[in-house]
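Here's a quick briefing on the model, sorted by topic. Have the viewer open and follow along.

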Amino acid sequence: MPKSNSSDVIVVGAGVVGAACAYYAAHSGLSVTVIDRGPVAGGTTGAGEGNLLVSDKEPGPELELALHSTRLWQELAQELPAHIEYEAKGGLVVASDATAMAALREFAAHQAEAGVTAEEISADRLSDLEPHLAPGLGGGFHYPQDAQVQPALAAAHLLHASGARVRTGEEVTAVLTGASGEVRGVRTPAGELHAPYVVNAAGTWGGEVARLAGAHLPVLPRRGFVLVTEPLPRVVRRKVYAADYVADVASGSAALQTSAVVEGTPAGPVLIGASRERVGFDRTLSTEVLRHLAAQATALFPVLAGVRAMRTYAGFRPYLPDHLPAIGSDPRVPGLLHACGHEGAGIGLAPATGLAVARLLTGGEPPLDISPFCPGRFTPAA
């Protein structure tokens, strides 16, 4: 048995991505220690909606990662307790008019070529799927592969199922290296932890963990708010969002962007997002953003106009300039692997990310081509 301060791999970050890395690494036979300066799911994961989406991704490496994760989430839903609230409810993307519908139709056609299931829904059939949708919309597409989990519970149960040692409330202050620059472990205020591999799954703080190891990863925070309504009967059956949400996801703008994303939950409250803006780590409540979200949500679902918003919360999505996460071995620091920068898709992409990391740790082949996510693609500014 390893000593209490040593293991095969140290995962920095107890969010859902770090939990998935721990789960698959442990199931590959490795001893794992997970460390986080806060509680489990205390960062981006705890402020997420639990989206498991393929509908918002254009064909390319991120969509391939999402499709593989979709299959893995289906497996995990059978293995983990029902408390994770996995719900394969599908998604509905709606267009405001005929012009927007034509663009959505073209987008869905390209997705279908990449393996996404998308069913066109004419304007007169939208109410069959969502009876409370506003009239006058141009139509939409139903994505049966979209699903949802309760993200904090999913992370907690993944960690529990991994059997990893979990140390919360400990901040990594240094990454220990050997004479040749190879990883030897980490240091925290409580002492040193030793391992030949360190996985950087620190989310929005992934750039800082990389810096401690002598690597460069330009992770930036992108703030988002979510409105939570009072518990309701199931007035929103699926995840429903306007087609312009896809463009907002792909945008690199630092300015405020809001586009309605509305979904019901098994517990009753309706979650309303999504906003995106780069304001550093500023958590200040923005009434402007909340007004935008409420107006857009009620435009889609007029029934929500008379519903009380019980609370709101903010989170920071770990954003990389090319909108792709960093997954894999760092070419500059032997033994350092990255699994961060997933922006708002980390919950959905976590399983395939974790499995890829576990395969690299054990000398195997990742389940898909992860070269587009290579952490070495970024170089420090001159």
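Gln150 caps the N-terminal end of α5, with a side-chain oxygen sitting 3.0 Å from the backbone nitrogen of Ala152. Bear in mind that this is a predicted model. The notes below start with that helix and then move on to other helices, the sheets and a few single residues.

**Helix α5**

- α5 covers residues 151-162, so to speak a run of 12 residues, and its first and last C-alpha atoms are 16 Å apart, close to the 16 Å expected at 1.5 Å a residue.
- Its buried residues are Pro151, Ala154, Ala155, His157, Leu158, Leu159 and Ser162.
- After α5 comes Gly163, which has a positive phi, near 75°.

**Helix α1**

- α1 is mostly covered, with 10 of its 12 residues buried.
- The buried set is Val16, Val17, Gly18, Ala19, Ala20, Cys21, Ala22, Tyr23, Tyr24 and Ala25.
- Just after α1, Gly29 has a positive phi of about 100°.

**Where α2 meets α9**

- Two packed helices are described by the angle between their axes and the distance between the axes.
- For α2 and α9, the axes come within 7 Å and cross at roughly 90°.
- Angles of 65 to 115 degrees count as roughly perpendicular, and α2 and α9 are therefore roughly perpendicular to each other.
- On the α2 side, the contact is made by Glu62, Leu65, Ala66, His68, Ser69, Leu72, Trp73 and Leu76.
- On the α9 side, the contact residues are Ile347, Gly348, Leu349, Ala350, Pro351, Ala352, Thr353 and Leu355.

**The 6-strand sheet**

- This open sheet runs β8-β2-β1-β12-β19-β18, and its pairing is mixed.
- β8 and β18 (326-329) are the edge strands, each pairing on one side only.
- Neighbouring strands here are turned by 20° against each other on average, direction ignored.
- Inside the sheet, β12 (residues 197-200) and β19 (residues 336-340) pair in the parallel sense over 3 bridges.
- Asn200 stands opposite His338 in β19.

**The 3-strand sheet**

- The order in this open sheet is β9-β10-β11, and the pairing is antiparallel.
- Its edge strands, β9 (174-177) and β11 (191-194), each pair on one side only.
- From one strand to the next, the twist averages 30°.
- β10 (residues 183-188) and β11 run antiparallel and are joined by 4 bridges.
- Thr188 has Gly191 in β11 as its bridge partner.

**Glu130: a buried loop residue**

- Look for Glu130 in the loop between α4 (126-129) and β6 (139-143).
- Its relative accessible area is 0%, so Glu130 is buried.
- A polar atom of the Glu130 side chain lies 3.0 Å from the backbone nitrogen of Arg237.
- Neighbours within four places in sequence aside, Glu130 is in contact with Leu92, Val235, Val236, Arg237, Arg238, Val240 and Phe301.

**Thr265: another loop position**

- Thr265 is in the loop between β15 (257-264) and β16 (270-276).
- With a relative accessible area of 11%, Thr265 falls under the 20% cut-off and so counts as buried.
- A polar atom of the Thr265 side chain lies 2.7 Å from the backbone oxygen of Pro269.
- Not counting residues up to four places away in sequence, Thr265 touches Gln148, Arg234 and Leu271.

**Leu220: partly exposed**

- Leu220 lies in strand β13 (residues 220-229).
- Its relative accessibility is 37%, so Leu220 counts as partly exposed.
- Leu220 and Pro321 are 101 residues apart in sequence, yet their C-alpha atoms are 8.4 Å apart in space.
- Setting aside neighbours within four places in sequence, Leu220 is in contact with Thr204, Arg278, Arg317, Pro318 and Tyr319.

Methods: Residues are numbered from 1 along each chain as its sequence is written. This is a predicted model: local features need pLDDT of at least 70, side-chain atom pairs count only at pLDDT 80 or more; totals for chains, interfaces and linings use all residues. Side-chain values use heavy atoms; hydrogens and water are left out. Helices (H or I, at least four residues) and strands (E, at least two) are DSSP runs, numbered from the N terminus. The expected span of a helix is 1.5 Å times one less than its number of residues. Buried means under 20% relative accessible area, exposed over 50%, partly exposed in between (1.4 Å probe, protein chains only). A polar contact is a pair of N or O atoms within 3.5 Å; within protein, one must be able to donate a hydrogen and the other to accept it, and residues adjacent in sequence count only if both atoms are side-chain atoms. Two strands pair if DSSP finds at least two bridges between them. Axes are lines fitted to C-alpha atoms, for helices over the stretch in contact, and angles run from 0 to 180 degrees between N-to-C directions. Angles under 35 degrees count as roughly parallel, over 145 as roughly antiparallel, 65 to 115 as roughly perpendicular and the rest as oblique. Contact means heavy atoms within 4.5 Å.
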